[in-house]
Amino acid sequence: DFSSLFRDYNGTELLGVATDRFIWVGYKPNELGLLRMVSFNYPEDGLVCFPYSKIPEPRDPAIAGTWARFPYGVVYVLRKAGFHLSRGFDAVIYGNIPGGGMSRSASLSLNLLLTVLEVNGQSPRSQFDLVDFSVAVENEYIGCPCGCLDQVMILFGKAGMATHFLPGSRTVRHIPF
């Protein structure tokens, strides 16, 4: 049954495991109010640089084919949630997560969310807010329908443990694996 592959869309309990794949964000805060980033995985996109006040509209065709839609989406979602963002950062991004279903977009969104919040001295109310913000980046800003499975497994995963997630109660427990 094809629908059983996407249980995170319908509230069914989930079980997943972490991998040794990653996206790494090395950053340094700046006082310019600019987000300046380069990706070693997408050097053809060059420097992605923008102030918090210049975010393209969701699903803007001008950025649809670039990885830049993720940092724009992170800023869009955080501002919509009421976060005041003013301090920028310079960052280098590198990852070894292959495409095609390995959670690369969720990992990038979560990393960027954590970076923007930390640089601005803010934090979410809960870890599940990060999950929700990351899903909103993909669903609302980019226009890619996804559930929360990837985000939950990335954020709560532990080496040597399976992550059991109950969406109804939003609880996570770890099971030796």
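## Surface and charge

The chain exposes about 9,500 Å², of which carbon and sulfur atoms supply 55% (Shrake-Rupley method, 1.4 Å probe). It carries 15 positive and 16 negative side chains, and the centres of the two sets lie 4 Å apart; Lys and Arg count as positive and Asp and Glu as negative, with His and the chain ends not counted, and each charge is placed at NZ of Lys, CZ of Arg, CG of Asp or CD of Glu.

## Basis of the model

This is a predicted model, in which local features need pLDDT of at least 70 and side-chain atom pairs count only at pLDDT 80 or more, whereas totals for chains, interfaces and linings use all residues. Residues are numbered from 1 along each chain as its sequence is written, and side-chain values use heavy atoms, with hydrogens and water left out.

## Fold

Four helices and seven strands make up the secondary structure of the chain (DSSP runs of H or I, at least four residues, and of E, at least two, numbered from the N terminus), and their order along the sequence is β-β-β-β-α-β-α-α-α-β-β. Buried residues account for 42% of the 177 residues (under 20% relative accessible area, 1.4 Å probe, protein chains only).

## Pro124

Pro124 lies in the loop between helix 2 (104-119) and helix 3 (127-142), and it counts as buried because its relative accessibility is 18%. Leaving aside neighbours within four places in sequence, Pro124 is in contact (heavy atoms within 4.5 Å) with Phe83, Leu117, Asp129, Leu130 and Phe133.

Key:
Buried means under 20% relative accessible area, exposed over 50%, partly exposed in between (1.4 Å probe, protein chains only).
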